[in-house]
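Welcome to my notebook. I am going through this structure one step at a time, and you are welcome to follow along.

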Amino acid sequence: MEFPGIDGFLGTRASLMLDVVFVAMFAVIPVMGFSIAAARYKHRWDLHKKIQLTLATILLLAVVAFEVDMQFLTEWELRAEPSPFFTIEQKWSSPVGVSLLIHLFFAVPTAFIWIYVITGAIKHFPKPPTPAAYSARHKLWGRIAAGEMTMTAVTGWVFYYLAFVA
Ligand code: HEM
């Protein structure tokens, strides 16, 4: 089938940037887990900081490229139309539309929580980073940030499957 925009590489109906983000999330989740384990069990806070800042930079670039693709190049609705779970007429009440709303419910706050966790950590931990009075707040919000990112990935994969694979 022919769609406007650049086709992806996974052999589904998704566009290139959808495939890039789909695959990137498979890498981000385990790397984030490794980074949190490095802080928790190995006390490699410097490594934890470097990995989290690298992940945040990669995710920011991916989100910008993704938004440019979605807003200007790809009409995801056309690519989702052949799915049995989608019709343009019932865009937001179809399973695809509902799964996208659930995904956005996680994805949008995740971006703000990550910014809060990173700016807070840089401001309140010493350089190089070590546990400090700020630790309790960072651990709480760091766990929320990690959980939200995981849910963003899982709900994104569900949307991808319903819209572009089924
Ligand atoms: C979004 C980015 C980040 C997330 C999701 C995150 C997440 C976490 C989590 C969940 C823990 C607790 C690990 C445990 O259970 O013991 C932790 C610990 C820690 N993080 Fe982060 N972190 C992030 C960014 C940073 C940055 C940028 C710094 C440094 C500037 C940093 C410094 C630390 C330190 C020093 C600890 C140890 C706290 C302690 O055990 O007292 N983190 N982080």
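I began just after H1, where His 43 takes a positive phi of about 55°. A reminder to myself: this is a predicted model.

Next I checked the length of helix H1, residues 16–41. Its 26 residues should span 38 Å at 1.5 Å a residue, and the end C-alpha atoms are 38 Å apart, so the two values agree.

Then I asked which residues of H1 are buried. I noted Met 17, Leu 18, Asp 19, Phe 22, Met 25, Val 28, Met 32, Ser 35, Ala 38 and Ala 39. Their cover includes helix H2 (45–73), helix H4 (95–124) and helix H5 (135–165).

I moved on to Gln 52, which sits in helix H2. Is Gln 52 buried or exposed? Its relative accessibility is 13%, and buried means under 20%, so I put Gln 52 down as buried. Setting aside neighbours within four places in sequence, I found Gln 52 in contact with Met 32, Ser 35, Trp 114 and Ile 118. Two of these names, Met 32 and Ser 35, were already on my list of buried H1 residues.

Last, I looked at the surface. A nonpolar patch there has about 1000 Å² of accessible area together, and its members include Ile 6, Phe 9, Leu 16, Val 20, Leu 60 and Val 64. H1 and H2 are the elements that give two or more residues to this patch. The largest share, 5 residues, comes from H2. I picked out Val 64, which lies in helix H2, and noted it as partly exposed, with a relative accessible area of 48%.

Definitions and conventions: Residues are numbered from 1 along each chain as its sequence is written. This is a predicted model: local features need pLDDT of at least 70, side-chain atom pairs count only at pLDDT 80 or more; totals for chains, interfaces and linings use all residues. Side-chain values use heavy atoms; hydrogens and water are left out. Helices (H or I, at least four residues) and strands (E, at least two) are DSSP runs, numbered from the N terminus. The expected span of a helix is 1.5 Å times one less than its number of residues. Buried means under 20% relative accessible area, exposed over 50%, partly exposed in between (1.4 Å probe, protein chains only). Contact means heavy atoms within 4.5 Å. Patches are made of residues with over 30% relative accessible area and no salt bridge: like charges are joined within 9 Å, nonpolar side chains (Val, Leu, Ile, Met, Phe, Trp, Tyr) within 5 Å. Accessible areas come from the Shrake-Rupley method with a 1.4 Å probe; for residues, only the protein chains shown count as cover. A salt bridge is a side-chain nitrogen of Lys or Arg within 4 Å of a carboxyl oxygen of Asp or Glu.
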